[in-house]
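The following questions and answers examine a structure, moving from overall architecture to individual contacts. Please consult the sequence and the coordinates alongside each answer.

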Amino acid sequence: MNKVEREITVAAEPEDVWRALTDEVLLSEWLAPEVELEAEVGGELYVRSEDGEERWDTVDELEEGRRLAFTWADSSVELSVDAVSDGRTRVRVVETAALPVSDWGPRLTALASACALTLA
Amino acid sequence: MSDAVGPVFAALAHDTRRRVVQTLASGRGATATSLAADLPMTRQAVAKHLAALQRAELVRSARRGRETVYELKPGPLGEAASWLATVGGEWDERLERLGRLFA
């Protein structure tokens, strides 16, 4: 239950969608009002959110045209891009919090696995 | 999944109820009327969702004068539910904006 999964399918080619995930100007259109990104492993990601909160993060993984993973605050975020059909592309996001799930006990651990499967 | 988990799971699988949890998570308790003012739904709909969240033991209520005030139950379950609702809601909004770039 420390994991959020969401996805959206858009009418665009994967390379155009990938650009929206890695180009600072385009990222500022949807991720947060102000975004700076060095699109490479170990590169810096700066995000200022609507409420003025600022975060400096690091790119953990980058698979060109496919997958971008970074850590922000106490969560890790993975964005991935998949072609689903001609001219349609799916973007999937998984955010996992660094909450101590092991401390939650068996009842919550069961809930965590159930939610990870179905709350997508 | 144990019987105790079923209702929680069902309660949070509903988008509107996640929004109720999200709203409760950001405040110090709310009434059905104040929630209905913040969310695009009627007081009756809010009351129904609050009842479901209460059955799932995610939310508790207390009488304050003539009002019933609802808040998230403290503890790991409430915290986890509030994190899920908040982070999930943020990504819903971001992906909606991303979708509009290609609309």
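Predicted model: local features only at pLDDT ≥ 70, side-chain atom pairs only at ≥ 80, totals over all residues.

Q: In what sequence do the elements of chain A run from the N terminus?
A: Chain A holds three helices and seven strands. Helices (H or I, at least four residues) and strands (E, at least two) are DSSP runs, numbered from the N terminus. The elements run β-α-α-β-β-β-β-β-β-α.

Q: Which residue in the turn of the β3(A) and β4(A) hairpin has a positive phi?
A: Strands β3 (residues 44-48) and β4 (residues 54-63) of chain A run antiparallel and are joined by five bridges. Arg48(A) stands opposite Glu54(A) in β4(A). The hairpin has five residues between its strands, and the residue with a positive phi, of about 90 degrees, is Gly52(A).

Q: Which residue takes a positive phi in the hairpin of β4(A) and β5(A)?
A: Five bridges join β4(A) to strand β5 (residues 67-72) of chain A, the two running antiparallel. Glu63(A) faces Arg67(A) in β5(A), standing opposite to it. With three residues between the strands and a positive phi near 80 degrees, the residue is Gly65(A).

Q: How many bridges join β1(A) to β7(A)?
A: Strand β7 of chain A spans residues 88-97 and runs antiparallel to β1(A). In this pair, Lys3(A) stands opposite Thr96(A) in β7(A). The number of bridges is eight.

Q: Is Val4(A) buried or exposed?
A: Val4(A) is found in strand β1 of chain A. Leaving aside neighbours within four places in sequence, Val4(A) is in contact (C-beta atoms, placed from the backbone, within 7 Å) with Glu95(A), Leu84(B), Val87(B), Gly88(B) and Trp91(B). A residue is buried if 20 or more other C-beta atoms, placed from the backbone, lie within 10 Å of its own, exposed if 12 or fewer, and partly exposed in between. Because Val4(A) has 26 C-beta neighbours inside 10 Å, Val4(A) counts as buried.

Q: How are α2(B) and α4(B) oriented to each other?
A: Helix α2 (residues 15-25) and helix α4 (residues 43-55) of chain B pack at an angle of about 80 degrees, with their axes 10 Å apart; axes are lines fitted to C-alpha atoms, for helices over the stretch in contact, and angles run from 0 to 180 degrees between N-to-C directions. Thr16(B), Arg17(B), Val20(B) and Val21(B) in α2(B) meet Val46(B), His49(B), Leu50(B), Ala52(B) and Leu53(B) in α4(B). Angles under 35 degrees count as roughly parallel, over 145 as roughly antiparallel, 65 to 115 as roughly perpendicular and the rest as oblique. The two helices, α2(B) and α4(B), are therefore roughly perpendicular.

Definitions and conventions: Residues numbered from 1 in each chain as written. Chains lettered and ligands numbered in written order. Contact = placed C-beta atoms within 7 Å. Pairing = 2+ DSSP bridges.
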